Amino acid sequence: MSKKRLVIGMSGASGTPLAVRTLQALREVPEVETHLVATESAALTAGYEGPLSFEQIVELADVYYEGNPIDAAIASGTFQTAGMLVVPCSMKSAAGIANGFSDNLLLRAADVCVKEKRPLVLAARETPLSPIHLRNLQTLASLPQVWIMPPMMTWYMKPQSIEEMEHHLVAKMLAPFGIEVPAFHWGE
């Protein structure tokens, strides 16, 4: 494998701008090939959260899996990847991953990461969290190759814009894959 393949999953939770910022950042990393899979709800949410259309978001990826093709490369453990980042990750997707319920390609690709012990980072999006959400996230967090990274804002780097906060979050979410994007200074 000449390039590091990274699967990017988009679920229907709010957070489309983080998925966009992730794909944009990865375009600047030539050694990474992005494989995008999105749920129907992700396309719907993207329409509300703009500024890019869902079609424009798809164009940011190297490979896009339209629909739910069960024979897609990312549905098989024999297809070597560096792992998967689900951004944003809805509680429905987290529940599916936690319980091995792979009824769409996003969930199957995540299931492959779990069974093959590949890094899986979930940008879990919901508030408040119910006991059911927390139980599913606890199940996932107990797996050594899974990172639960709710997109929490930070202020210690003294951000001047939402875009800077997003970039900081993207840098943190890509770190488990050994992918570095320019980070912000820690402040003065």
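Reader: Which residues line the largest cavity?

Author: On a 1 Å grid over the protein atoms alone, a cavity is a set of points where a 1.4 Å probe fits but cannot get out, and lining residues have an atom within 4 Å of a point. Here the largest cavity is lined by V7, I74, F79, T81, M84, A109, V112, C113 and R118. Helix α5 gives the largest share of that lining, three residues. This is a predicted model, in which local features need pLDDT of at least 70 and side-chain atom pairs count only at pLDDT 80 or more, while totals for chains, interfaces and linings use all residues. Residues are numbered from 1 along each chain as its sequence is written, and side-chain values use heavy atoms, with hydrogens and water left out.

Reader: How much space lies in the largest cavity?

Author: A volume is the space filled by probe spheres set on the grid points, which are joined across faces, edges and corners. For the largest cavity that is about 40 Å³, and the structure holds one cavity of 30 Å³ or more.

Reader: What does helix α5 lie across?

Author: Helices (H or I, at least four residues) and strands (E, at least two) are DSSP runs, numbered from the N terminus. Helix α5, residues 105-116, lies across β1, β2, β3, β4 and β5; contact means heavy atoms within 4.5 Å. Angles run from 0 to 180 degrees between N-to-C directions, with axes fitted to C-alpha atoms, for helices over the stretch in contact. By that reading, α5 runs at about 135 degrees to β4.

Reader: What is the order of the strands in the sheet?

Author: Two strands pair if DSSP finds at least two bridges between them. The order in this open sheet of six strands is β3-β2-β1-β4-β5-β6, with parallel pairing. Its edge strands, β3 and β6, each pair on one side only. Between β1 and β2 there are seven bridges, and I8 stands opposite L36 in β2.

Reader: Which residues of helix α2 are buried?

Author: Buried means under 20% relative accessible area, exposed over 50%, and partly exposed in between (1.4 Å probe, protein chains only). In α2, the buried residues are A42, T45 and A46. Seen down the axis of α2, they fall within an arc of 110 degrees (taken from the directions from the helix axis to the C-beta atoms), so they line one face of the helix. The face turned away from that buried side carries the exposed residues E40, L44, G47 and Y48.

Notes
1 Å grid on protein atoms, 1.4 Å probe; cavity = no way out; pocket = protein on both sides within 12 Å on 5 of 7 lines; lining within 4 Å.
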